[in-house]
Structure formats: C-alpha cells, structure tokens
Amino acid sequence: MVRNFPEPEIFTLNCPTQQVLDIIGNKWSVIVLYCLAYGSKRYTQIQRRIEGISQKVLTQTLRNLERNGLIERIANIQSSTGIEYSLTTLGESLIEPLLEISDWSRANFEEVSTARDLYDANN
C-alpha cells in the first residue's frame, strides 16, 4: 500500500512517468545504462559485456537512449577507439533509482520465483 502520497498522474495518458517508463521500461535499456555507469565504452565492449543482446537490439537501444538524452555518442577522432558511448548527466541521475530496483530484485527474487512457481503449478 502506498503511504499517503497524492495520487500520481501516472494513470493519465502521456504523463511524464508513462513516457519515461516507455524509454527505460525494457531490460535492455536498463542493462545498457548499468553498463555505461562504469564508464564510457565502445559498441563492441558493450556488446561483449551484455550477454544475449543482438546487434540489432543493441543499436536500437543505444539510439533510443541517445535520442532521449540519457547517453551520448562521442566520436574520438584522435584515437583508434573510434566512437564511444557514455552516460549524460541526465543518465547518471537515473543510476541511483536503478540501483534501488537492483537491490530490491536481489533481496526479493527468491520470493518472486517461489510465487511464480506456485502460480504456474496451479494454472
């Protein structure tokens, strides 16, 4: 139960919360943001670090995060490393809330898994 907070506008179409959740509401966006929280990386470094992400999905995810101001694409002409991706200040401000979700996930995953197994057994 929510503690005496005013009812959010989250239930209205196109509220800011719905729009932001649309940007970060998939696992790949969150995982890419986490990956870049540890420093700038080249495309291939990101792809090697994140198991299971396809080139197409990684490209789409990077473009979406860049479009929405959470990461930036930096061309490093003076270096052989080429293009790197890094968090913007806005993207950095999102890491703390994501860490809280990660902490909650680790603390409660066993209970979630048990509930899922119980549900599946009964349906």
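Reader: How many disulfides does the count come to?

Author: In this predicted model, a disulfide requires a pair of cysteine sulfur atoms within 2.5 Å. C15 is buried at 3% relative accessibility, and C35 is buried as well, at 7%. By the distance rule, the number of disulfides comes to 0.

Reader: Which residue in strand 3 is the bridge partner of K41?

Author: K41 is found in strand 1, which covers residues 41–42. Strand 1 runs antiparallel to strand 3 and is joined to strand 3 by 2 bridges. On the other pairing, R73 has Y85 as its bridge partner in strand 3, and I74 has E84. For K41, the bridge partner in strand 3 is Y85.

Reader: How far from K41 is the nearest side chain of opposite charge?

Author: K41 is buried and has no salt bridge. A salt bridge would need a side-chain nitrogen of Lys or Arg within 4 Å of a carboxyl oxygen of Asp or Glu. The nearest side chain of opposite charge to K41 belongs to E84, at a distance of 9.4 Å.

Reader: Which backbone oxygens does the side chain of K41 reach?

Author: Residues touching K41, not counting those up to four places away in sequence, include C35, L36 and I46. The side chain of K41 reaches one backbone oxygen at 3.3 Å, that of C35. Another backbone oxygen is reached at 3.4 Å, that of G39. The backbone oxygens asked for belong to C35 and G39.

Reader: Is S86 buried or exposed?

Author: S86 is found in strand 3. Leaving aside neighbours within four places in sequence, S86 is in contact with L36, S40, L70, I71, E72 and I74. The relative accessible area of S86 is 8%, and the cut-off for a buried residue is under 20%. S86 is therefore buried.

Reader: What is the distance between the closest N and O atoms in the salt bridge of R106 with D103?

Author: The structure holds 1 salt bridge. R106 is exposed at 60% relative accessibility, whereas D103 is partly exposed, with a relative accessible area of 42%. In the salt bridge of R106 with D103, the closest N and O atoms are apart by 2.7 Å.

Reader: Why are R106 and D103 separated by about one helical turn?

Author: R106 forms a salt bridge with D103. Both residues lie in helix 5, which spans residues 89–122. The separation is about one helical turn because, within helix 5, R106 and D103 are 3 residues apart.

Note on methods. Residues numbered from 1 in each chain as written. Predicted model: local features only at pLDDT ≥ 70, side-chain atom pairs only at ≥ 80, totals over all residues. Heavy atoms only, no water. Buried < 20%, exposed > 50% of the residue type's maximum accessible area, 1.4 Å probe, protein only. Helix = DSSP H or I, 4+ residues; strand = E, 2+ residues; numbered from the N terminus. Lys, Arg positive; Asp, Glu negative; His and termini not counted. Polar contact = N/O pair within 3.5 Å; in protein donor to acceptor, adjacent residues only side chain to side chain. Contact = heavy atoms within 4.5 Å. Pairing = 2+ DSSP bridges.
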